[in-house]
Amino acid sequence: MKPHATYITPEIRKLGKRDISKITGHFLRLDRKTRSARFGTVIKDAVIKNYAEHVISADTLVFGAFVDGELRAIGELRGLLETCPPDAELALSVEPDWQEKGIGSTLFSRLMSASQNRGIKTLHVFFSNENKTMQSIAARHHPEVTLSGGQIEATIDPPWATPWSYAREMAEDTIAYFRQIFQITA
């Protein structure tokens, strides 16, 4: 029997070019199983470093989940500028020692809000049939599920943006900005 997980409330903020070294460090800390779950296959450190260098782009929004000031999870909305009507791919990675603590769920919810505020009509989440954690997280958002081989595609239609959803994102961004400034000056 598995002991009860301790849930953590991470600090979540948008990541930018200044965070590339933190992003690289996060991806390099992923073990073989977690890398395979995130990227669909096990990839080498050199590929990870190249991916991290280019993850921040005009068509990708990246959020980081920080615990005690350390980046422990990353969520990405990819392909924001590629289609009309807009759809995007959502991807998550949580370091092994920080899994099953609610960090992935919190990050997923934040990405859902961000997609809502950007007019995304459809979100695509791809994961292995064996990834029960992602199945559980995605199921909370009532996806349409397609199974192909060992791969699952969960398709989610985010709700329409509201004045409240915009205000909430703006408030979360402002709080994260000031927390970061006070951490830098402390």
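So, which residues have the most contacts inside the largest nonpolar core? They are L77, L90, F108, L123 and V125. That core has 28 residues in total. Keep in mind that this is a predicted model.

Where does the core come from? Seven names to follow on screen: β2 (60-67), β3 (70-78), β4 (87-94), α4 (103-117), β5 (122-128), α5 (132-139) and β7 (151-156) are the elements that give two or more residues to it. Helix α4 supplies the largest share, six residues.

Now zoom in on V125. Leaving aside residues up to four places away in sequence, V125 touches L90, F108, M134, I152, E153, A154 and I156.

As background, nonpolar side chains in soluble globular proteins tend to be buried together.

Step back to the fold. The protein has six helices and seven strands. Along the sequence, the order reads β-α-α-α-β-β-β-α-β-α-β-β-α.

Next, overall dimensions. The C-alpha trace spans about 50 × 40 × 35 Å along its principal axes. The radius of gyration is 16 Å, which agrees with a compact globule of 186 residues, because such a globule would come out near 16 Å.

Contacts, then. Of those with a separation of 6 or more, 65% link residues 24 or more positions apart. Buried residues make up 44% of the 186.

Last, the surface and the charges. The accessible surface is about 10600 Å², and carbon and sulfur atoms hold 56% of it. There are 23 positive and 22 negative charges, and their mean positions lie 3 Å apart.

Technical notes. Residues are numbered from 1 along each chain as its sequence is written. This is a predicted model: local features need pLDDT of at least 70, side-chain atom pairs count only at pLDDT 80 or more; totals for chains, interfaces and linings use all residues. Side-chain values use heavy atoms; hydrogens and water are left out. A nonpolar core is a set of buried Ala, Val, Leu, Ile, Met, Phe, Trp, Tyr and Cys residues joined through side-chain atoms within 4.5 Å. Buried means under 20% relative accessible area, exposed over 50%, partly exposed in between (1.4 Å probe, protein chains only). Helices (H or I, at least four residues) and strands (E, at least two) are DSSP runs, numbered from the N terminus. Contact means heavy atoms within 4.5 Å. The radius of gyration is taken over C-alpha atoms; the globule rule is 2.2 Å times the number of residues to the power 0.38. Accessible areas come from the Shrake-Rupley method with a 1.4 Å probe; for residues, only the protein chains shown count as cover. Lys and Arg count as positive and Asp and Glu as negative; His and the chain ends are not counted. The place of a charge is taken as NZ of Lys, CZ of Arg, CG of Asp or CD of Glu.
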